[in-house]
Every structure is written in C-alpha cells, then in structure tokens.
Amino acid sequence: MPEKDPFDLFSKWYKVVLNSPCKQPTAMTLATCSKDCTPSARVVLLKEYSEEGFVFFTNVNSRKGKELTENSKAALVFHWIEFFRQVRIEGEVKLLDSERADQYFSSRARNSQFSAWCSKQSRVLKNWQDFEQVIELKKKEFYNTQVPRPDFWVGFCIIPKIIEFWQEGKHRRHTRFRYTLFKRKNWKIEQLYP
C-alpha cells in the first residue's frame, strides 16, 4: 500500500522530478469548465503546494481566470513522462488573498512583470508591435521603481478532493491508487484497474 496521506506521496515523487533533468517539472495541465459546461485545458506552472492545495497565478481576465471564477471546480494533471508517472487532481478552486499574489508577483523577473501588466490574456492580438509599444510605455511609467502587481493578476489554489497516482507498468499493467477525501485530512485509498 502507498502512503496514508497523498501529499506525502506527491512530495516523494515531486522531489525526484525536481532533482532530475526533467525539462518542466512544475508543468501541469489545468482543466476548467465554463458556466455553459464548455471544457478547456492548458498547461500552467505549479508555484507552490501544501496540504492546502496546489497554487498557480494568472490573469483573472483570461479565459481560465473567468472559468475558474464562474465554476469553482477544476482538475490538474502532472505528466512526468521521463518517470512514466502521472498525478491527477480534482477539486475546489479558491482565490488566494492579495498578499500572496503580491509576494509571488514581486518574485517574477522585471520584464515578466511588464508583460503581465500589458497582456490582455486570451484576447485577440491584431498587431504584435502594439503590444511591444505598450510594454515600453509601462517600462517608462515604472522606471526606477518597483513594479506593483496589477489587480487582475491573482493566485488560485486547487483544493483537492481526489488525487490519483499512476505509474506505468509492463504490458499495460499500470499501478493506480486513488485518494478520496471523506473528511478533514482523512483519505479513502483505493487501487484501480489499469
């Protein structure tokens, strides 16, 4: 049997990946759904995790930001192909407080901060040069000062209700364990068929 707490198992797997030549260890597919039940998915980067959940940051006006605001359920998938492993997570979405968003935003590279300010994420871009010009204007606006976080740049936490660990096996005899939260910090563990 695996660990009783899925976060212990996730930590073990994640540490192995972080200490390897894996190209994008923090990459995770985020699946969201709109009010009218239209699904969409994209890759985002994990910025932190704890027993609270899995955290990433984005523009709240983007498609994913709007969908996360409209529908409080989401799913994540980590696929570490070099290790023949996947972790699937389903849960509730929580908007993080502005202090945590400020801390993360201040840790970003300065040029990334300007891009975050100027990108109308997910909207149609008709002219790349217009985007570049807006970035240059923003650089002048905040010349020689700290770049503040824009109000629309926020953090989300996916609070897991289900975490599934998948390990590839020979002849498609994969090992799968599903953890389902049934009360605070208590997880039901089930092995699944491949």
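**Figure 1. Surface and overall layout of the chain.** The chain exposes about 12,000 Å², of which carbon and sulfur atoms supply 51%. The model shown is predicted. Of the 194 residues of the chain, 40% count as buried. The C-alpha trace spans about 60 × 40 × 30 Å along its principal axes. Among the contacts with a separation of 6 or more, 61% join residues 24 or more positions apart.

Figure 2. Five helices and nine strands make up the elements of the chain. Read from the N terminus, their order is α-β-β-β-β-α-β-β-α-α-α-β-β-β.

**Figure 3. Crossing of helices H4 and H5.** Helix H4 comprises residues 110-118, and helix H5 comprises residues 128-141. Their axes come within 9 Å and cross at roughly 120°. The crossing in which H4 passes H5 is right-handed. On the H4 side, the residues that meet H5 are Asn 111, Phe 114, Ser 115, Trp 117 and Cys 118. Their counterparts in H5 are Phe 131, Val 134, Ile 135, Lys 138 and Lys 139.

**Figure 4. Buried residues of helix H4.** Gln 113, Phe 114, Ala 116 and Cys 118 are the buried residues of H4. This set packs against helix H3 (98-107), H5 and strand S7 (153-167). Phe 114 and Cys 118 are buried, and both are also listed among the H4 residues that meet H5.

**Figure 5. His 171 in the loop between S7 and S8.** His 171 is located in the loop that runs between S7 and strand S8 (175-183). Its phi is near 55°, a positive value in a residue other than glycine. The relative accessible area of His 171 is 68%; because this value is over 50%, the residue counts as exposed.

**Figure 6. Arg 172 in the loop between S7 and S8.** Arg 172 also lies in the loop between S7 and S8. Although Arg 172 is not a glycine, its phi is positive, at about 65°. Arg 172 has a relative accessibility of 65% and therefore counts as exposed.

Technical notes
Residues are numbered from 1 along each chain as its sequence is written. This is a predicted model: local features need pLDDT of at least 70, side-chain atom pairs count only at pLDDT 80 or more; totals for chains, interfaces and linings use all residues. Side-chain values use heavy atoms; hydrogens and water are left out. Helices (H or I, at least four residues) and strands (E, at least two) are DSSP runs, numbered from the N terminus. Buried means under 20% relative accessible area, exposed over 50%, partly exposed in between (1.4 Å probe, protein chains only). Contact means heavy atoms within 4.5 Å. Accessible areas come from the Shrake-Rupley method with a 1.4 Å probe; for residues, only the protein chains shown count as cover. Axes are lines fitted to C-alpha atoms, for helices over the stretch in contact, and angles run from 0 to 180 degrees between N-to-C directions. A crossing is left-handed if the near helix is turned anticlockwise from the far one by less than a right angle, and right-handed if clockwise.
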